[in-house]
Amino acid sequence: MHVSFEFFPPKNAHMEATLWRSVFTLEQLRPRFVSVTYGADPLTRARTHSVIERIRELTRLTAAPHLTCAGETPESIRAALRRYWARGIRQLVAVRGDLHDLTLHPDLRYAEDLVKLARSVADFEIAVAAYPETHPEAPNAAFDIENLKRKLNSGAARAITQFFFDNDAFLRFRDRCARAGISSEIIPGILPITRLDKLRRFAKRCGTTIPNSLDAYFEGLDDDPDTFRILAVNYAIDQVRQLQREGVHAFHFYTLNRYDMTYAICHALGVRPQPVRATA
Ligand SMILES: Cc1cc2nc3c(=O)[nH]c(=O)nc-3n(C[C@H](O)[C@H](O)[C@H](O)COP(=O)(O)OP(=O)(O)OC[C@H]3O[C@@H](n4cnc5c(N)ncnc54)[C@H](O)[C@@H]3O)c2cc1C
């Protein structure tokens, strides 16, 4: 069983402390890699680079920076990739990026372009994004799967999915990918739920369905965060166990920089801490 963890660059000292506590705690679970998202503004972007470099310096983790097409040029991407390669970074998550008010360079309009560019710079091991419930801008599901296939054929090694709660949607997607000739690994992205109101907004933007059963499961807990968290861990454990029974053996966790829920879910799945450093 393989796990990987996603973090985002912290905005202030408090969030920074939370991030590093999570990185060091989750490091003990020996994830296959940890990734750090890439934001829209230059300051957040600089923070991604520095978090990645500190992970390399302070831990034994394999660090994978996210890179986006949005707001970049082929030259700026080449420079970032060369710097990463020189510092020993070998893995990347390559996505188009959320556009906000960013522009797309004509040679860097889709994640596929970014994969090709990265592969032309060095032999990076690249993960790309996949959408079990179809990317919101795609004209249809078949088009979106062909897009995923192109990204993989351009040199990406694997795909990580958008978060989802409808396991049947993921399994149907996996079948459709197989029928389309995709044989690369598709890692489900698992989001431990922290707040329902936030989740609803985020899910709507991403095109992720919130099943009625999920609403019913958490109903009446708006003012009871402790019970909510316990049940949210339980919900994710059920989701992951069901996927394991369907032959899924790698999971990517959207940690939101908090270790506790992800750590508990991993524990239930049999992923246990192992010493990462020799003790004095
Ligand atoms: C695992 C994961 C990690 C992410 N990390 C980040 C991050 O760090 N920072 C961030 O800003 N966002 C991130 N995102 C969000 C992502 O950037 C958005 O979902 C974005 O809208 C699409 O990115 P993509 O790489 O899937 O784009 P693409 O694969 O380029 O696809 C984008 C859309 O264009 C369509 N398309 C592709 N090729 C063509 C074509 N030739 N003609 C017409 N349409 C086409 C696709 O079907 C799709 O609808 C992440 C998403 C996931 C699932």
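Trainee: Which element gives the most to the shell around the ligand?
Mentor: Helix 5, with 4 residues. Keep in mind that this is a predicted model.

Trainee: How many residues surround the ligand, and which are the closest?
Mentor: There are 22 residues around the ligand. The closest are His-66, Val-95, Arg-96, Ala-111 and Ala-129.

Trainee: Which elements give two or more residues to that shell?
Mentor: Strand 3 (63-68), strand 4, helix 5 (141-153) and strand 6 (158-163).

Trainee: How do the shell residues divide into nonpolar, polar and charged?
Mentor: 9 are nonpolar, 8 polar and 5 charged.

Trainee: Is His-100 buried or exposed?
Mentor: Exposed, because His-100 has 10 other C-beta atoms within 10 Å, and the cut-off for exposed is 12 or fewer.

Trainee: What about Leu-256, what is its phi near?
Mentor: Near 55°, again a positive value in a residue other than glycine. Leu-256 sits in the loop between strand 8 (250-254) and helix 10 (260-268).

Trainee: How many other C-beta atoms lie within 10 Å of Leu-256?
Mentor: 17, so Leu-256 is partly exposed. Buried would take 20 or more.

Technical notes:
Residues are numbered from 1 along each chain as its sequence is written. This is a predicted model: local features need pLDDT of at least 70, side-chain atom pairs count only at pLDDT 80 or more; totals for chains, interfaces and linings use all residues. A residue is near a molecule or strand if its C-beta atom, placed from the backbone, lies within 6 Å of it. Ala, Val, Leu, Ile, Met, Phe, Trp, Tyr, Cys and Pro count as nonpolar, Asp, Glu, Lys and Arg as charged, and the others, Gly among them, as polar.
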